[in-house]
Amino acid sequence: MKTIPVYLFTGFLESGKTTFIQETLEDPRFSADEKTLLLLCEEGEVEFDLSKVPGGTVTVETIESKDELTQEYLRNLAAKSHADRVLVEYNGMWMLSDLLSNMPKNWQLYQNIMLADATTFPQYSLNMRSLVIDKAGPAEMIIFNRCADDVDRMELHRLVREASRRAEISYEAPDGTVDYDELEDPLPFDKEAELIKIADDDFGLWYTDITDNPQDYTGKRVQFKAQACQTPRVPKGCFAPGRFLMTCCVEDITFVGLVCKSETAASWHNREWITVTARVKQEYQAIYNGKGPVLVAESITPAEKAKNEVVTPY
Amino acid sequence: MTRIDIFSGFLGAGKTTLIKKLIAEAFTGEKLVLIENEFGEIGIDGGFMKDAGIEVTEMNSGCICCSLVGDFSTALEKVIHEYQPDRILIEPSGVGKLSDVIRAVEQVAEKNEVMLGSFVAVADAGKAKLYEKNFGEFYNDQIEHASAIILSRTQTVPQDKLETALHILRSHNPHATIITTPWEQLPAEKITEVMNQPAAIERELHELLHEAEHCHNHEQEHHHGHGHHDHDENCSCGCHDEHKEHDHRHGECCCDDHDHEHDYEEEHHHGHEHDHAHEHHHEHGEECSCGCHGHHHADDVFASWGVETIRKYTAEQLKAALKALDEGSYGTVLRAKGIVAGQDGNWLYFDHVPGEADVRTGSADVIGRLCVIGAELDEAALKTLFEV
């Protein structure tokens, strides 16, 4: 079965998704002779003008409810339109997994761009942070539009970086000029050090980095403070040191940890505070659903509990 | 006793702007506490609140993924006991449900000496259609549970869009007072006056109570719940002038069923009009702003037609329309009355009895409204006549 590339455009209502997709479709380099299926998951103010698309065909389908996002339904839509590719204008209030976990097997996410209105993003972000983190986290690029001179770009930068260290950021002024965000965000720990020491409050940030960029840590030594967790989901001789992580608020606090091999693995009680010094390798683990960073302990010692028991991912 | 007012509204609707106006103009001299449940609003206004001597309590459970009710009741009780204010203003999160906040406040009211005030929904006039569909879970809940819906930015929205907004909001809430007049044209007291209509609030409480009881016999319960308001002096009927006039004559609210007898003793013709007018309002309830429910003894002879409108008129236009009412082609019109926005920025008050029409200017009101009372009214023709 041929692979169907998916171009995903996310962002809240009135964030400029339709305008951006329209401009993309009007680009002759993007629209030569492709058959495009355009899925509209949100009904905004701006409407598409497909007469301006230079080449190929565009079939528009409206998804009224996230319940319609099923493999079968989406496969049928693609078949009906003979689509070579799919563009999705996603609903700002739906979670990404509603789409990504229900895509037909041959659909492949090629591009994931988030649009945001610079004037409302800070307020939306503060009050709907779980939705922002859901969308901005995996986005490759975040485009802020309506970025007039009085917009605080540092604040936008910070809000994005709380969700994603990777995403490129660009700012589009009302006159159409675009600036790219080139601010560096150095990590608070040195990944090149002989022993990478993680401060107590930086565990969340480090956890995000090691899960996003596991290759950076292969063969390296790390030291961090954690709470022990015994779980049958890791093999014998292993346990899962980790921390309680809060992404948005108390409602979403979850324990995150890494598989750790140690002769003393079974001796640590649940939630007991420990300092772990270990070497990192990449290995298949069922709990990761694949390959991931596994710690091989060099030493584990009891520790004082951290001042802030709950960490954030930023 | 502490009075609690809730100001809900989606993110960016203008809740803070409204609260600031009311604090500065209407709540002066009162001991106030503002409970802030939306992130990112208060930073802007901290200085203002401090200058006004207002306590601000921020709640940390305002975001979309949090459950509100538990913490909220605790925080509210703490505020009541710690400050013993005259009034508590609650600004819930824009992405929260007003019904949840009401329920939490009610729980507190059961155990404390507090009075439930107004349940306001602030709504951006230009976004009703968009938000109804896309943020319905919160937005529609806020509109449906509000005792007063206050539209923001109405001056920047084209007439047809504003009409659509009014239609959408009314379809979600047939009984709340709606304010469509730009805020700067209204004294804050006017806003608090209409948002304080107690009947609508009581109704809200009954509705929530019935919701909680999973009452399916909605229609009946609904009317039942309203029954006792009819005897209330502060009737929520949108047609205020009629009330006042009526009150003068009968010393009672126009909605009182017991008026009936008095009416006959009085000048027969007039008494009839008023009495039946209100009865019939209910039969046409969809379009009328009158909140006085509970009259079931409908009269088949008289009818009323009432509509809220944002249309702007000239005095000449109104005079011509009122003159046309005498022609007979609209049914037998006994009385017409209304308050509407004038094209020159003034507001026009009109009064009509057969052969006699009076149009005068008056102070701005919260929304325009037209009422016609008579027999065999041709509603479609009336709509055309008044261009609504």
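Predicted model: local features only at pLDDT ≥ 70, side-chain atom pairs only at ≥ 80, totals over all residues.

Student: In what order do the eight strands of the open sheet in chain A stand?

Tutor: Strands (E, at least two residues) and helices (H or I, at least four) are DSSP runs numbered from the N terminus, and two strands pair if DSSP finds at least two bridges between them. In chain A the order is S3-S2-S4-S1-S5-S6-S7-S8, with mixed pairing. Strand S3 (57-62) and strand S8 (178-180) of chain A each have a single partner strand, so one side of each lacks a neighbour in the sheet. From one strand to the next, the twist averages 20 degrees.

Student: Which strands does S6(A) pair with, and over how many bridges?

Tutor: Strand S5 (residues 107-117) of chain A runs parallel to S6(A) and is joined to it by five bridges; Ala116(A) stands opposite Phe144(A) there. S6(A) also pairs with S7(A) in the parallel sense, over four bridges, and Met141(A) has Glu168(A) as its bridge partner in S7(A).

Student: Are the faces of S6(A) covered or uncovered?

Tutor: A residue is buried under 20% relative accessible area, exposed over 50% and partly exposed in between (1.4 Å probe, protein chains only). Five of the five residues of S6(A) are buried, so the strand is largely enclosed by the rest of the structure. Met141(A), Ile143(A) and Asn145(A) lie on one side, and Ile142(A) and Phe144(A) on the other.

Student: How is a pair of aromatic rings described?

Tutor: It is described by the distance of the centres and the angle of the planes. Rings of Phe, Tyr and Trp (its six-membered ring) pair if their centres lie within 6.5 Å; planes under 30 degrees apart count as stacked, over 60 as edge-to-face and the rest as tilted. By this rule there are 20 aromatic pairs over all chains. The centres of Phe144(A) and Tyr171(A) are 5.9 Å apart and their planes lie at 15 degrees, so this pair is stacked. Phe144(A) belongs to strand S6 and Tyr171(A) to strand S7 of chain A, 27 residues apart. Phe144(A) has a relative accessible area of 0%, and Tyr171(A) is buried at 4%. In chain B, Tyr131(B) and Phe135(B) form an edge-to-face pair, 5.1 Å centre to centre with 70 degrees between the planes.

Student: How many residues of helix H6 of chain B are buried?

Tutor: Seven of the nine residues of this helix (residues 136-144) are buried, among them Phe138(B), Tyr139(B) and Ile143(B). With contact meaning heavy atoms within 4.5 Å, the buried residues of H6(B) pack against several elements of chain B, including strand S1 (2-9), helix H4 (98-111) and helix H7 (159-172). Across chain B, buried residues make up 59% of the 388 residues.

Technical notes: Residues numbered from 1 in each chain as written. Chains lettered and ligands numbered in written order. Heavy atoms only, no water. Axes fitted to C-alpha atoms, helices over the stretch in contact; angles between N-to-C directions.
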